[in-house]
Amino acid sequence: MARFLMITSTSGANRELAAVFVSTATAKGHDAAVVDLAEMNLPMFTVARSKDPDETPDISDLVTSMTQADAWIVIAPEYNGSIPPTLNNAIAWLSMDWQSFRTMCTGKPVGLATHSGGGGAHVIMAMRQQFSYIGADVIGRTCMSGRDKEANPETIDAMIDNLAR
Ligand SMILES: Cc1cc2nc3c(=O)[nH]c(=O)nc-3n(C[C@H](O)[C@H](O)[C@H](O)COP(=O)(O)O)c2cc1C
């Protein structure tokens with residue numbers, strides 16, 4: 001049994017996709033939870049804010065969930081050919097404690113998924129680069145869906161099996 005954390009960066013179709021990953025994982029006997037970065041409503045990262053304890057958000061629950069998970073599935077829509085700001089912003093805040101961030105990310109099995117206006121290929125590429133850079137072990141198979149394309153249940157199934165190694 002593996003513990004999955006589905007990290008959705010928006011609360012619409014991508015959160016719905018996260019719920020499909022959760023039900024697939026739990027049907028296979030795994031543990032699965034969702035964290036919604038949009039719902040966390042983190043302040044925009046700036047260096048000035050990061051140096052002011054009154055302006056620095058408490059992300060300890062997020063860090064605990066991410067650390068305790070055996071695998072993450074990151075689910076984000078494409079924004080202007082890249083990563084949406086909620087995800088980028090969360091990564092900036094998480095990386096403030098750089099050493100523990102690297103420890104948390106290194107070798108973490110990560111799957112990538114999107115529900116985007118178009119195909120979502122650009123956000124998948126951008127997330128692959130981002131999560132590889134921070135040391136995660138990003139699997140090859142990805143789940144891309146959009147206005148004109150349903151998420152493929154076989155892909156979701158295979159991603160869960162691959163990540164639960
Ligand atoms: C600011 C902004 C930029 C967007 N840029 C793109 C884009 O470059 N490519 C694309 O396919 N869809 C783009 N979209 C559409 C979103 O990917 C799409 O609406 C997605 O389903 C939103 O996810 P959500 O329902 O979880 O909020 C953009 C949407 C917004 C709000």
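This is a predicted model: local features need pLDDT of at least 70, side-chain atom pairs count only at pLDDT 80 or more; totals for chains, interfaces and linings use all residues.
Biologist: What makes up the protein chain, in helices and strands?
Modeller: Eight helices and five strands. From the N terminus on, they run β-α-β-α-α-α-β-α-α-β-α-β-α.

Biologist: How do you know that the radius of gyration of the protein chain agrees with a compact globule?
Modeller: Set the value against the rule. The rule is 2.2 Å times the number of residues to the power 0.38. For 165 residues that puts a compact globule near 15 Å. The protein chain has 15 Å, so the two agree. Along its principal axes, the C-alpha trace spans about 45 × 35 × 25 Å.

Biologist: What share of the 165 residues counts as buried?
Modeller: The share is 35%. As for contacts with a separation of 6 or more, 76% come from residues 24 or more positions apart.

Biologist: Why is Thr114 called buried?
Modeller: The cut-off is 20 or more other C-beta atoms within 10 Å. Thr114 has 28 C-beta neighbours inside 10 Å, so Thr114 counts as buried. This residue is found in strand β4.

Biologist: Which residues does Thr114 touch, beyond those up to four places away in sequence?
Modeller: Ile75, Ala76, Pro77 and Glu78 are among them. Take Glu78: Thr114 and Glu78 are 36 residues apart along the chain, yet their C-alpha atoms are separated by 7.4 Å.

Biologist: Which residues of helix α8 are buried?
Modeller: In α8, residues 153-163, they are Ile156, Met159, Ile160 and Leu163.

Biologist: How do you know that the buried residues of α8 line one face of the helix?
Modeller: Look down the axis of α8. Its buried residues fall within an arc of 100°, so they line one face. The general rule is that an α-helix has 3.6 residues a turn, so residues three or four places apart point the same way.

Biologist: What covers the buried residues of α8?
Modeller: The cover includes helix α1 and strands β3 (71-75), β4 and β5 (137-146).

Conventions:
Residues are numbered from 1 along each chain as its sequence is written. Helices (H or I, at least four residues) and strands (E, at least two) are DSSP runs, numbered from the N terminus. A residue is buried if 20 or more other C-beta atoms lie within 10 Å of its own, exposed if 12 or fewer, and partly exposed in between; C-beta atoms are placed from the backbone. Two residues are in contact if their C-beta atoms, placed from the backbone, lie within 7 Å. The arc is that of the directions from the helix axis to the C-beta atoms.
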